[in-house]
Amino acid sequence: MSSARLKNITVGFVTVSDRASRGEYEDLGGPAMRDWIDKALVTEWKAVSRIIEDEQALIESTLIHLVDHEHCDLILTTGGTGPAKRDVTPEATEAVCDKILDGFAEQMRAVSLQYVPTAILSRQIAGTRGACLIINLPGKPSAIGECLEAVFPAVPYCIDLIGGGYLETDADFIKAFRPKHAVKPVS
């Protein structure tokens with residue numbers, strides 16, 4: 001990050017659920033992700049939210065649109081990460097990413113295993129597309145918070161490294177890690 005400039009931050013929130021997309025089920029995951037990010041970031045940011053069906057092509061096109069047209073720096077998804085046949089969020093995420101970052105998934109599962117033994121069934125992943133980091137999260141709001149708490153310290157620096165916007169966190173809520181040599185962009 002040499003002479004990068006500060007830019008407006010955009011965070012995408014995608015709920016993948018057949019029932020929620022049809023209005024048969026209240027989306028709890030989307031609001032949980034947004035509330036967590038609202039507490040975590042002190043940087044000004046805007047949200048772009050979607051509730052979509054468990055269809056791989058639709059998930060892929062939604063992620064592509066959020067990165068390529070909405071210019072998201074970070075996208076969080078919830079839902080579709082289990083072993084059921086309709087759970088295809090990881091496949092869709094992998095299909096649109098330039099790089100998969102296995103450490104995010106490893107850490108999220110390790111933390112989740114402290115709460116439920118079924119965390120080994122979770123297939124959430126994370127990866128980059130251009131200057132955007134995409135992270136798949138579980139569907140349960142409490143698990144969303146647990147997973148974000150586990151991985152978010154690395155998120156701002158990851159986004160720095162891929163050329164996204166500069167995210168600053170509220171250190172009283174979650175402390176981001178950046179190496180001493182990392183330089184904050186100028187406004």
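Predicted model: local features only at pLDDT ≥ 70, side-chain atom pairs only at ≥ 80, totals over all residues.
Student: In what order do the six strands of the open sheet stand, and which of them are at the edges?

Tutor: The open sheet has mixed pairing, and its six strands follow the order β2-β1-β3-β6-β5-β4. A strand at an edge has a single partner strand, so one side of it is left without a neighbour in the sheet, and the strands standing there are β2 (45–52) and β4 (99–100).

Student: Which residue of β2 is the bridge partner of T10?

Tutor: Strand β1 (residues 9–16) runs parallel to β2 and is joined to it by eight bridges. In β2, the residue that bridges to T10 is K46.

Student: Where on helix α5 do the buried residues fall, and within what arc?

Tutor: In α5 (residues 102–112), the buried residues are F104, A105, M108, V111 and S112. Seen down the helix axis, these residues line one face of α5, because they fall within an arc of 135°.

Student: At roughly what angle do the axes of helix α2 and helix α6 cross?

Tutor: Two packed helices are described by the distance between their axes and the angle between them. Here α2 (residues 29–40) passes α6 (residues 141–151) in a right-handed crossing, with contact made by G29, A32, M33 and W36 of α2 and by P141, I144, G145, L148 and E149 of α6. The residues of this contact divide into six nonpolar, two polar and one charged. The axes come within 9 Å, and the angle at which they cross is roughly 35°.

Methods
Residues numbered from 1 in each chain as written. Heavy atoms only, no water. Axes fitted to C-alpha atoms, helices over the stretch in contact; angles between N-to-C directions. Helix = DSSP H or I, 4+ residues; strand = E, 2+ residues; numbered from the N terminus. Left-handed = near helix turned anticlockwise from the far one by under 90°. Contact = heavy atoms within 4.5 Å. Nonpolar A, V, L, I, M, F, W, Y, C, P; charged D, E, K, R; others polar. Buried < 20%, exposed > 50% of the residue type's maximum accessible area, 1.4 Å probe, protein only. Arc of directions from axis to C-beta. Pairing = 2+ DSSP bridges.
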